[in-house]
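Open your viewer and get ready to click along. Each stop below says what to select and what is there.

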Amino acid sequence: MSLVTISNLQRITASKLADMLLGATRSGAVDSESKIAVVDVRDDDHIGGHIKSSLHFPSRSLDATMPTLLRRLADADTVVFHCALSQQRGPSAALRYLRARERAEAKQQPVQEGGEQEKNKGKDEHEGAENEGAAVPQKVYVLDRGFVGWQELYGLDERLTEAYRREIWEDGY
C-alpha cells in the first residue's frame with residue numbers, strides 16, 4: 001500500500017517543467033511526448049489555453065476514465081498533473097492515479113503458494129542481461145500554482161502553450 005498522501009505529493013515548478021519539455025523537444029526523440037506526460041484535470045474552466053501536448057482528463061469524470069489514463073501513461077517516465085491552481089483537483093487526481101496504478105500493478109503480480117509474489121520467475125532465462133527491460137519507476141508530480149501560474153510565465157510561448165487567449169487572463173483568475 002502506498003504511503004503517498006495529498007500532503008507529501010511531489011511538486012514541480014513551471015520553470016522546471018518548461019525546461020523538461022523543451023529538453024525533450026530539443027533531444028529530437030521520436031517518443032519524447034510519451035516520456036513526459038502532462039495531465040490537465042480542469043473541468044469547465046479548461047479555457048484560455050493549455051500546456052502543449054497535455055492530455056485533458058476532466059476531474060469530474062476521472063473515475064470513469066481512469067483505465068484509459070492508466071493505459072495512456074503506462075510508458076511515461078514523468079507525469080505531471082494540474083488544474084487551475086493545483087490546490088485541490090490536481091493533487092487529488094495525482095493521488096487517485098497513483099493509487100489506481102498501484103492496484104493495477106498488484107493485480108498483475110503473480111502470486112505463489114503461501115501468498116508471496118514471484119520474484120525470481122524467469123531469472124535463468126535472462127542471465128547476463130542485467131536490468132534489461134527493468135521498469136524505471138514513474139515520477140508523478142503536481143504543477144505548482146497550476147495553469148494559472150503556468151500561463152503567467154509561458155502563456156505567450158507557443159513552444160509550450162497552445163490555444164492561449166490572453167484576454168481571458170488579463171484581469172487575473
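Which residue stands opposite Val79 in E5? Select Ala37 to find it: Ala37 is the one facing Val79.

A word on the model before we go on. This is a predicted model, in which local features need pLDDT of at least 70 and side-chain atom pairs count only at pLDDT 80 or more, while totals for chains, interfaces and linings use all residues. Residues are numbered from 1 along each chain as its sequence is written, and side-chain values use heavy atoms, with hydrogens and water left out.

Next, select residues 78-82, which form strand E5. Strands here are DSSP runs of at least two residues, numbered from the N terminus. Five of the five residues of E5 are buried, so the strand is largely enclosed by the rest of the structure; buried means under 20% relative accessible area with a 1.4 Å probe, protein chains only. Show the side chains: Thr78, Val80 and His82 point one way, Val79 and Phe81 the other. In a regular strand the side chains alternate between the two faces of the sheet.

Strand E2 (residues 36-40) runs parallel to E5, joined by five bridges. Strand E6 (residues 139-143) also pairs with E5 in the parallel sense, over four bridges, and there Lys139 is the bridge partner of Thr78.

Last stop: Ser54, in the loop between strands E3 (50-51) and E4 (55-56). Ser54 counts as buried because its relative accessibility is 16%. A polar atom of the Ser54 side chain lies 2.8 Å from the backbone oxygen of Ile51. Leaving aside residues up to four places away in sequence, Ser54 touches Val38 and Asp40, where contact means heavy atoms within 4.5 Å.

Note on methods: Buried < 20%, exposed > 50% of the residue type's maximum accessible area, 1.4 Å probe, protein only. Pairing = 2+ DSSP bridges. Polar contact = N/O pair within 3.5 Å; in protein donor to acceptor, adjacent residues only side chain to side chain.
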